[in-house]
Amino acid sequence: MRVRDLTFSYGRKIIFDRYTQDFGAPVTCIMGPSGTGKTTLLYLLAGLYTPSSGEILDVPADPVILFQEDRLLPWFNVRRNLLLVCEDQRKVEEMLRAVDIDGDLKIRELSGGMARRTALARALLAPGGCLLLDEPFTGMDRERMLSCAALIREKHVPTIVSTHSTEEAEALGAEIVEIRGYLNG
């Protein structure tokens with residue numbers, strides 16, 4: 001994935017001014033202070049936002065995005081949330097074991113970390129050419145973060161992760177790209 005001379009703003013607030021970056025590593029972590037455009041960059045790569053100018057090139061088809069919010073359907077249990085993206089019962093059950101969650105639990109019964117693992121499991125099961133993950137380990141203890149990082153690496157698709165944690169980047173074996181918003185121009 002490549003970004004060339006990207007310009008994007010929210011009204012008068014410039015987020016990117018002629019930003020250029022190549023994302024060639026299997027896993028890349030974009031890091032930087034809050035408010036500098038990490039989430040915005042993921043949305044631009046996913047095609048959810050349109051840049052004012054510049055180009056976004058070589059994004060694999062059907063990117064899968066994990067938002068900062070879990071966006072789970074509360075009227076379905078954990079298993080049904082996963083079955084929304086993958087009809088293969090065997091794969092869903094394997095993923096439930098991998099993230100250590102009971103598929104029969106209702107969404108309202110989940111802790112924050114359990115909900116995050118469910119949302120990440122759904123993203124990992126979804127078909128797509130790349131993963132765009134916004135703070136995927138929120139609410140997880142170190143042990144869970146490490147096991148989920150291994151699941152992300154095993155997916156073997158280009159992956160870009162927004163994080164504030166160098167420990168998470170190391171667990172992912174990621175290349176780190178520092179982002180400073182409009183200062184990148």
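1. A polar contact here is a pair of N or O atoms within 3.5 Å; within protein, one must be able to donate a hydrogen and the other to accept it, and residues adjacent in sequence count only if both atoms are side-chain atoms. By that rule, the side chains of Thr163 and Glu168 are joined by a polar contact of 2.4 Å.

2. Some ground rules before going on. This is a predicted model, where local features need pLDDT of at least 70 and side-chain atom pairs count only at pLDDT 80 or more, while totals for chains, interfaces and linings use all residues. Residues are numbered from 1 along each chain as its sequence is written, and side-chain values use heavy atoms, with hydrogens and water left out.

3. Back to Thr163, which sits in the loop between E7 and H6; helices (H or I, at least four residues) and strands (E, at least two) are DSSP runs, numbered from the N terminus. Thr163 is buried, with a relative accessible area of 1% (buried means under 20%, exposed over 50%, partly exposed in between, with a 1.4 Å probe and protein chains only). Leaving aside neighbours within four places in sequence, Thr163 is in contact (heavy atoms within 4.5 Å) with Cys29, Ile30, Met31, Gly32, Lys38, Glu135 and Glu168.

4. A polar atom of the Thr163 side chain lies 3.0 Å from the backbone nitrogen of Ser165. The side chain of Ser165 in turn reaches two backbone nitrogens: that of Glu167 at 3.2 Å and that of Glu168 at 3.0 Å.

5. Now H1. Seven of its nine residues are buried, so H1 is largely enclosed by the rest of the structure. The buried ones are Lys38, Thr40, Leu41, Leu42, Tyr43, Leu44 and Leu45. After H1 comes Gly47, with a positive phi near 85 degrees.

6. H1 also matters for the pocket list: helix H1 (residues 38-46) gives the most to the lining of the largest pocket, with three residues. That pocket holds about 150 Å³ of space. Of its 14 lining residues, Ser34, Gly35, Lys38, Thr39 and Gln68 are the closest to the centre. For the record, a pocket is an open set of points on a 1 Å grid over the protein atoms alone, where a 1.4 Å probe fits, with protein on both sides within 12 Å along at least five of seven lines; lining residues have an atom within 4 Å of a point.

7. Helix H3 (residues 89-99) has Val92, Met95, Leu96 and Val99 as its buried residues. These cover an arc of only 105 degrees around the axis, which puts them on the same side of H3; the arc is that of the directions from the helix axis to the C-beta atoms. Their cover includes helix H2 (78-83), helix H4 (112-125) and helix H5 (142-154). At the N-terminal end, Asp88 caps H3, with a side-chain oxygen 3.0 Å from the backbone nitrogen of Arg90. Following H3 is Asp100, whose phi is positive, near 60 degrees.

8. Two backbone angles to check by eye. Asp58, in the loop between strand E4 (53-57) and strand E5 (64-66), has a positive phi of about 60 degrees although it is not a glycine. Asp62 is found in the loop between E4 and E5, and its phi is positive too, at about 55 degrees. Asp62 is exposed, with a relative accessible area of 58%.

Note on methods:
Points joined across faces, edges and corners; volume = space filled by probe spheres on them.
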